[in-house]
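Subject: Structure handover

Hello,

Here is the structure we spoke about. Please open it alongside this note; what I found follows below.

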Amino acid sequence: MKPVDIALALLVVLVWGVNFVVIKAGVAEVPPLLLGALRFLAAALPAVFFFRAPKLPLRTYLAYGMTIAFGQFAFLFTAIHVGMPSGLASLVLQSQAFFTMLFAAIWLKESWRPSQLAGLVLAAGGLGLIGTAHGVSMPLAGFMLTVAAACSWAAGNVVSRTLNRNGPINLLAFVVWASLVPPLPFLAMSLLIEGPTAIVSALSHFSLRSAGAVMYLGWGATLLGYGLWARLMSRYPANQVAAFPLLVPLVGLSAGWLVYGEALQAVHWIGGGLLMLGLGVNLFGTRLMTRLRGAT
């Protein structure tokens, strides 16, 4: 990757790492599905009036909006709402790297390297270990919802990999216009599951804290974060870029501990260590083996 793109990827890591404590603050006052609708309304409006929609098929907007936007955050916001620790959510969500590898192999015919297979085995073991440690500090429902969010993010990554097939496009404009897709599904599900009473109550008691959470999620995590992410995913192979956010949990875990005093059990640290090791092998394994062969 070019140095400028590495720097942009690190910026995404910082923005997304802080994102989890902001989500926890948001769902404390706003029902999670309603918060999702407000997030993407903030991302889309008024930005759509300043960007021309890229000339892409409608199905591309729908696929991106329903996977990386609606699917991922409907699951993730609900997971944190039901008690998934924000820092641990930032860790488990990085399993998206391996779901991306799987989906890219199926749909894009991208091949796997031996180091990626080894990384997958390590990460799967770590993820399974984390899942066995459910309890008061981490409800099983929260864990499963976070894994579902990772699958949705991975599906969206595959959609991002197809964007360059239509020629150069303004990726920030694409994210802005794709943000028009999820608000209606979010509102429909909020009405169905959370109910109109909860929606009216949340909006009538909307605080500065809630407004700050919506603005950060809409402008920072969505427009800035996913605008840069779409740029990276369109320029580099999915199996390379998808592993880069392995630093996000370091920010997320630190922020969760500093802001909410979240403490993990030993089994969480061991499982998280295996997951991170798997991500590291996926990202650096082939390069390391090449260097070792060269040295011998």
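Start with the contacts, meaning heavy atoms within 4.5 Å. Among contacts in the chain between residues at least 6 apart in sequence, 90% join residues at least 24 apart.

Some ground rules. This is a predicted model, in which local features need pLDDT of at least 70, side-chain atom pairs count only at pLDDT 80 or more, and totals for chains, interfaces and linings use all residues. Residues are numbered from 1 along each chain as its sequence is written, and side-chain values use heavy atoms, with hydrogens and water left out.

Confidence (pLDDT is the predictor's confidence in each residue, from 0 to 100). The chain averages 86, and 93% of the residues score at least 70. Helix H9 (residues 183-194) has the highest mean among the elements, 97. Helix H12 (residues 238-241) has the lowest, 66. Where pLDDT is low, the predicted coordinates should not be read in detail.

Fold. The chain has 14 helices and zero strands. Both are DSSP runs, numbered from the N terminus: helices are H or I, at least four residues, and strands are E, at least two. UniProt, in an unreviewed entry, places "domain: EamA" at residues 6-131 and 142-281. Such annotations may be inferred rather than shown by experiment. Over residues 6-131 the chain is 76% helix.

Core. Of the 296 residues, 55% count as buried, meaning under 20% relative accessible area with a 1.4 Å probe, protein chains only. The largest nonpolar core has 93 residues. Such a core is a set of buried Ala, Val, Leu, Ile, Met, Phe, Trp, Tyr and Cys residues joined through side-chain atoms within 4.5 Å. Trp16, Leu76 and Tyr226 have the most contacts inside it. Beyond four places in sequence, Tyr226 touches residues including Trp16, Arg39 and Trp153.

Two polar residues to look at. Polar contacts here are pairs of N or O atoms within 3.5 Å; within protein, one must be able to donate a hydrogen and the other to accept it, and residues adjacent in sequence count only if both atoms are side-chain atoms.

- Asn157 lies in helix H7 (residues 140-161). Asn157 counts as buried because its relative accessible area is 0%. Its side chain makes a polar contact with that of Gln96, at 3.0 Å.
- Glu194 lies in helix H9. At 19% relative accessibility, Glu194 is also buried. Its side chain meets that of Ser190 in a polar contact of 2.5 Å. A polar atom of the Glu194 side chain lies 3.3 Å from the backbone nitrogen of Leu34. Glu194 and Pro31 are 163 residues apart in sequence, yet 7.0 Å apart in space, C-alpha to C-alpha.

Best wishes

Key
Buried < 20%, exposed > 50% of the residue type's maximum accessible area, 1.4 Å probe, protein only.
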